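Biologist: I would like to learn how to read a model like this one. Please take me through it feature by feature.

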Amino acid sequence: MQRLLASLLRPSFAAGLAGAALTAACASTHGSAPTGPVGGVFVEPSEQLARQIELKAVECEFWSTEEDFVGLCDWFYEVGEPGYESLLDMAAGTSTRARFVAMSAFAIIGDRRLVQRFREEVPVPDEPSLHMSYARALMQMGDFSEVPVLIAGLHDPNPRNRAMAHQSLERATNNDVPFDPTGSREERETTASIWRRWFAARTDDPLLRAELRSGETSAPTRVGDGSDGDVAPSTENGSTN
C-alpha cells in the first residue's frame, strides 16, 4: 500500500504522472462501498481511536515531507469510515495541507455515500491544484459533475498537474485518450476538445446526466474516428498553507 500511495499522494512533489492511475488501483483494493444511509451518519470511532484521529488531524496541518503526507493519507485510508467525519472537517477547513490530505484520502476510499455531504459541506477551492483534487475526489466517489475542472486542468501551467488531470479523467471513465502533458497548447487542446464533446453529450441528455452522477460512463470519441461523440497535483504555481 505504501508504494502505491507514494506515487499518488504528493501535492508538492513530482508524482502527478502516476497519481490518478494509482487512485483507481487503491480504490479497487478497498472493496465495495459499505452499505448504509446515503449522506447520513457514519460509523463512529471508539474513544481511543477518536483520540488518535484527533492527533492525526493536527498532524495534517503541519506535514512537510513527502513521507509525512503519504503516511497520513495511508493512515486515514486504513481507518476508513470512522475517520470520515474528521476528513470532512479537514476538507472543509482553512489549512491547505489538511485539505490536500483529506481530499486525497477520499479519492482513494471512493465511498459513494460521501458525495452528498462532501458537496454540501466542503467549499469549492479557489486554488487550481486544490480544485483539481476536489474534482478528482468527487469523480472517485462516482460524481462526475466537476469534470470540466479536470478538462481545464489539461492546460494547467504545470505539466504534472496536466498529467494528473488527464489520468484522472481516463481512469475514472475507464477510457484511453492520447495526451502528452508536455505537448503544445494546440496538441493539448485536441484532447481537451474530445473530453468537452464527451461531457457535453452527456449533460445535454437527462439520462446521460444521471449516468454521470452514477459513475457509469461510456468512451469519449477520438479524433478521426468519424463520430462526434489525471496523486496528486503540484502546487508549484500556488501555495500550501
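Modeller: Start with a pair of side chains: E81 and R113 are both buried. Buried means under 20% relative accessible area, exposed means over 50%, and partly exposed lies in between, with a 1.4 Å probe and protein chains only. This is a predicted model, in which local features need pLDDT of at least 70 and side-chain atom pairs count only at pLDDT 80 or more, while totals for chains, interfaces and linings use all residues. Residues are numbered from 1 along each chain as its sequence is written, and side-chain values use heavy atoms, with hydrogens and water left out.

Biologist: In what kind of contact do the side chains of E81 and R113 meet?

Modeller: Side chains of opposite charge can pair when their charged atoms come close. The rule for a salt bridge is a side-chain nitrogen of Lys or Arg within 4 Å of a carboxyl oxygen of Asp or Glu. E81 and R113 form such a salt bridge, at 3.0 Å from N to O. This pair links distant parts of the chain, 32 residues apart: E81 is in the loop between α4 (66–79) and α5, and R113 is in the loop between α6 and α7 (115–121). Helices here are DSSP runs of H or I with at least four residues, strands are runs of E with at least two, and both are numbered from the N terminus.

Biologist: How many salt bridges does the rule give?

Modeller: The count is nine. Among them is R117 with E85, whose closest N and O atoms are 2.7 Å apart. R117 in helix α7 and E85 in helix α5 are 32 residues apart, and their pair also links distant parts of the chain. R117 counts as buried because its relative accessibility is 12%, whereas E85, at 33%, counts as partly exposed.

Biologist: Which other residue forms a salt bridge with R117?

Modeller: That residue is E121, with the closest N and O atoms 2.7 Å apart. Both residues lie in helix α7, four residues apart, or about one turn of the helix. At 34% relative accessibility, E121 counts as partly exposed. Elsewhere, salt bridges that share partners join E81, D111 and R113 into one network.

Biologist: Where is S95, and is it buried or exposed?

Modeller: S95 sits in the loop between α5 (84–91) and α6 (96–109). Its relative accessibility is 13%, so S95 counts as buried. The S95 side chain reaches the backbone nitrogen of A98 at 3.2 Å.

Biologist: What does the secondary structure of the whole chain come to?

Modeller: The protein chain has twelve helices and zero strands. Buried residues make up 52% of its 241 residues.

Note on methods. Polar contact = N/O pair within 3.5 Å; in protein donor to acceptor, adjacent residues only side chain to side chain.
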